[in-house]
Amino acid sequence: MKVLTANFSTYWHGFLGTLELTGVSALLALVLGVLMAACRVSPVGPLRTLGAAWVTVLRNTPLTLLFFIVVLGLPRFGVSLPFFTFAVLALGCYTSAFVCEALRSGINTVPTGQGEAARSLGMTFGQTLGLVVLPQAFRSVIAPVGSVMIALAKNTAIAGSFSVVELLGTYRTLNELGYSIIWTFVWIAVGYLVITLAISAVFNLMERKWAVAR
């Protein structure tokens, strides 16, 4: 307990960093995930190819390697951004591939007659997807998307190795001060547990409210 009480501000700063990184990355992942899911089911061939390539590449690229590509590769092309922004790009793009596939599986559960009925009423593909298909698809994938968000929260730990303030990175400061590495990691684990349980509670509430009855 002494490790926590004597260094609460350090833990709290790292905890807030992880929360901010998770929240911003989740927003980017959801936006990109929806766009890529739309591409995957688009009637336009090049868009389907783009969506498939996006998912295939990102799902099969180690996240640490993606961090190196973003943090070390983009500056070579003149892109100079804060390390936090680089971390958000890496985490958001990586997670968007999993969000995309979760949404696509939900889209596949929507009866084809729904889309056909919408098109018969004169709706465009975008209107059909946004107003008819995606709302129904999202209700069926709340739990899978929640699992992806929990994984995202834990993946933020990698950002600490790239000069981003987050929870796991606090161990270096405390280790230099001579605190027990075991208890340092115990309280870090408690912080991640609080975050993941909070995300789980939010998605469980959403699932009870909106999920499709089975």
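Of the contacts in the chain with a separation of 6 or more, 78% link residues 24 or more positions apart. Keep that figure in mind for the views below, which come from a predicted model.

**View 1. The chain is built from helices.** Count them and you get 10 helices, with zero strands to go with them. Reading from the N terminus, the order is simply α-α-α-α-α-α-α-α-α-α. The C-alpha trace spans about 70 × 45 × 20 Å along its principal axes.

**View 2. Surface and interior of the chain.** The chain has 214 residues, and 41% of them are buried.

**View 3. Where the charges sit.** The chain carries 13 positive and 6 negative charges.

**View 4. Thr18 sits in helix α2.** This helix covers residues 8-40, with Thr18 among them. Is Thr18 buried or exposed? Thr18 counts as buried because its relative accessibility is 0%, and the cut-off for buried is under 20%.

**View 5. Thr18 and its contacts from elsewhere in the sequence.** Which residues touch Thr18 once its neighbours within four places in sequence are set aside? Ala153 and Thr156 are in contact with Thr18, and so are Val165, Glu166 and Leu167. Tyr192 and Ile195 complete the list of Thr18 contacts.

Terms used: Residues are numbered from 1 along each chain as its sequence is written. This is a predicted model: local features need pLDDT of at least 70, side-chain atom pairs count only at pLDDT 80 or more; totals for chains, interfaces and linings use all residues. Side-chain values use heavy atoms; hydrogens and water are left out. Helices (H or I, at least four residues) and strands (E, at least two) are DSSP runs, numbered from the N terminus. Buried means under 20% relative accessible area, exposed over 50%, partly exposed in between (1.4 Å probe, protein chains only). Contact means heavy atoms within 4.5 Å. Lys and Arg count as positive and Asp and Glu as negative; His and the chain ends are not counted. The place of a charge is taken as NZ of Lys, CZ of Arg, CG of Asp or CD of Glu.
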